[in-house]
Amino acid sequence: DLQHTDSIAHVLPISTRYFLRFHSPMVYYGRYCFVLFFFILGTVSAWRAVVDVTPATQTPRIFVERNNLGRLQSLLADIFSTYSTSDYRSASSTYSNVSVLEQSCPGVDAETGVVCSGNGVCGPSYECTCDSGYLKNDCSEVKTTSAVFVVSPESTDHKGLLGQGDTVYTRDIATYTVEITNDGDVASAWSLTVSDGYPWLTADPSFGEGRARVIQGSSIKTFPDSVTLSLDLTGYSLGWSETATFVVSSTDLADTASGNVTASVVDTPVLLDLALSAGTLSPAFSQTAFAYTVSVTYSVESLTLTAAFVEPTEFATVQETQLVSGTSSTVSLEVGSNEVVVQAGSLTQDVVSSYLVIVERAVASVPESPTLQQVTASNGAAILLIEPPSGSGGAIMGYDVSATPSSTSRRLQEVTLRNVTCQKVDCSTTDGSCCEITVEGLSSDASYVFSISAVNLAGTGSASLPVMSEWPWLPVVPATSVELPTLALAPAVEVHHGFVDLTVDVTDASAGGAVPLTIVCTSDPQGISGASSDSGSVTVSGLDTSTA
C-alpha cells in the first residue's frame, strides 16, 4: 500500500501530497464524529416537532363559522384531535383573549341560542332532526297536509287603447300569463273557473296537474303551471271598465286560490309628430305606427328627437327623459344598432304608448374625393383651393397632396404632402365652405399635375380628379398680391418677310409672383400679337411689309 501511495504521490502536485500525508488519518478516524453529530441533530429536531404540535393557549386562533358544518368538522379533526368540546368552552373562562370555537346546527336564534328553529334536535354531526310536521335542514318549514295553490300575479290591470278617432274598441285581443303553483306537500290536480258575467275573459288551459313541492336541504323547488288569460274588448266603448275574478280549486281537496283582472277602454296617448336632427324615419311618421327605423352616417354621433303632442297625451319621454310638447332630447349613438324608445303618456289614465325607433349608425369609411377648384400660382409654389368632401364617413383629419411634373418635365421630382391641414376660406360652393393648401418647392418653369385625397380615421380616400398645369398653368388665378410683370431688357428682333421673331431672356423677366411667365408681343400699328409657348421666343406674323 505504501509503495502504491508513493507511486501516486510522484504524479500528484506537492500541495495534494502534503494533504494526503498529514490529513488523511484525521479524516478517516473523524468520520465517526460526523455520524454522531448528525444523529444528535436529527433526534433534537424530531423532539421539537412533537412538542410543537400542542396548541399554545397564549396565542389562540379564531375559528367562528356556524353554517359550513363540513369545514368545521374538518378543522376539528385536523387541529384539535386530542381536545374535547368542553375544553374549548372552558378556555374562555381562563383566558380573556381566547375566542371559543363552537359548532351548532342551523336555525340558531341569536338571542336564545335555540337551534333547529326550535322545532327539532341537533345531532352529533350538527344536523337537525326535525319534529313531526316540520321540514328543511333548519326545521323552519311547516309540512302541509294538503295542496296549497298560489296565483301569481294575483291582480292584472289592462287598459284597452282606442285607435285615433275611435270611440269603440276594435283592436287586437290582449293576453297575459299567470302562474299557478302548488306550495303544499300534497299533489293535487286543479281547475280554473272564471266568474259568470265576464265574457271578455277566457283562460287556457283551465286545468292542471298541481305537483307538490320538493324540499332538498335548505332549498324548496316548486312546479308552476302557466295559464294564458285572453281579453277580448271588441265592441266596448270609451270609459267602460270591469273587474273579473277567477278561482283555482283543488279537484280532490278543499284548497282554493283566486285572482282578478281589471279591464277598461281608454283613449290612446299618441304623438302628433316626431322629428329627428339627422336621418329619415321609415316608414314616415304616423300617430298609430309604433315601430320605425332610421339610418345615419358614421359622423352622426348623437341624435336629437323632438316630440309634439296634445291632449289626452300629457307627457312624452325619450329614453325615460320626460318632455313637454315641442321640446327635444338628445341621445348618444354607438356604431351599429341603437334602440330609442319614445313614449306618449297620460297621467290621468295611467297609460302610455311606446314608439320604438331603431337607429342604424354606419361604420367609419374612407372619405369621398374632394374637389380641386383652382390653382393659384406663386413664385415656386401653388395655392390649391379645395372643396372638402362631406365627411360622412368620419371627420376629415387632413389631406394628402401630390404635385407630379408633366411628361415634358420628368427631370423634376414629385412633391408630396401627407396629412396636411387645410385652412378654411370662403368660396362659391353651396355651403360656402372651402379651404386652401399651399404646395411649395415647385419649379417656376415646369408644369405639374395636382391631385388631393382626404384622410380620416378609416384611412385615405380616393384622389380628386387631377388638374394639369400647362405653360401657362391651367387654371391659373394670380394671387392678389402679385405685381405686373416687367422686362429688364428689350427683346432681340429678327425681321422676316411678313413676320418677326423676338427673343427674350427670361432671366431678365420678373413674373411679379404669377408663374410661369407668358410673354406676349404686339405690333404697333396693326395690333397683331404673338405669345411664347414654352420659352422666351415669340413670333408675330401677318405683318404688313409696307409698314414699319
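The protein comprises 4 helices and 39 strands. The structure is a predicted model, with an average pLDDT of 78 for the protein and 73% of the residues scoring at least 70.

Of the 548 residues in the protein, 32% are buried. The accessible surface amounts to about 32,100 Å², and carbon and sulfur atoms contribute 54% of this area. Among contacts with a separation of 6 or more, 60% are formed by residues 24 or more positions apart.

The disulfide count is 4. One of these joins Cys-105 to Cys-122 at an S to S distance of 2.1 Å. The link of Cys-105 and Cys-122 is right-handed, with 85° about the S-S bond. Cys-105 is located in the loop between helix H4 (85-94) and strand E1 (120-122), while Cys-122 belongs to strand E1, so the pair ties together parts that are 17 residues apart in sequence. The two partners are assigned to separate burial classes: Cys-105 counts as buried because its relative accessibility is 1%, whereas Cys-122, with a relative accessible area of 30%, is partly exposed.

A further disulfide connects Cys-116 to Cys-128, with an S to S distance of 2.0 Å. The link of Cys-116 and Cys-128 is left-handed, at -95° about the S-S bond. Since Cys-116 lies in the loop between H4 and E1 and Cys-128 in strand E2 (residues 128-130), this pair ties together parts that are 12 residues apart in sequence. Cys-116 and Cys-128 are both buried.

Cys-422 and Cys-435 also form a disulfide, in which the sulfur atoms are 2.0 Å apart. The torsion about the S-S bond of Cys-422 and Cys-435 is about 95°, and the disulfide is therefore right-handed. Cys-422 occupies the loop between strand E27 (415-420) and strand E28 (423-426), and Cys-435 is in strand E29 (residues 433-440), so that parts 13 residues apart in sequence are tied together by the pair. Both Cys-422 and Cys-435 are buried. Another cysteine, Cys-521, is buried with a relative accessible area of 12%.

The search of the whole structure returned 6 aromatic pairs. One of them, between Tyr-198 and Trp-200, is edge-to-face, with 6.2 Å centre to centre and 85° between the planes. Tyr-198 is partly exposed, at 24% relative accessibility, while Trp-200 is buried, with a relative accessible area of 2%. Phe-285 and Tyr-355 form a tilted pair, with 5.8 Å centre to centre and 40° between the planes. Phe-285 is found in the loop between strand E16 (273-276) and strand E17 (291-296), and Tyr-355 in strand E23 (residues 351-361), so this pair ties together parts that are 70 residues apart in sequence. Tyr-355 is buried, with a relative accessible area of 0%. Tyr-198 and Trp-200 also belong to one aromatic cluster with Tyr-236 and Trp-240.

Charged side chains are also placed over aromatic rings. The charged end of Arg-211 sits over the ring of Phe-223, at 3.7 Å from the ring centre. In a second case, the charged end of Arg-361 sits over the ring of Tyr-298, 4.6 Å from its centre.

Methods: Residues numbered from 1 in each chain as written. Predicted model: local features only at pLDDT ≥ 70, side-chain atom pairs only at ≥ 80, totals over all residues. Heavy atoms only, no water. pLDDT = per-residue confidence, 0-100. Helix = DSSP H or I, 4+ residues; strand = E, 2+ residues; numbered from the N terminus. Buried < 20%, exposed > 50% of the residue type's maximum accessible area, 1.4 Å probe, protein only. Contact = heavy atoms within 4.5 Å. Areas by Shrake-Rupley, 256 points an atom, 1.4 Å probe, with all protein chains shown as cover. Disulfide = S-S within 2.5 Å. Phe/Tyr/Trp six-rings, centres within 6.5 Å; stacked < 30°, edge-to-face > 60°. Lys NZ or Arg CZ within 6 Å of the ring centre and 35° of its normal.
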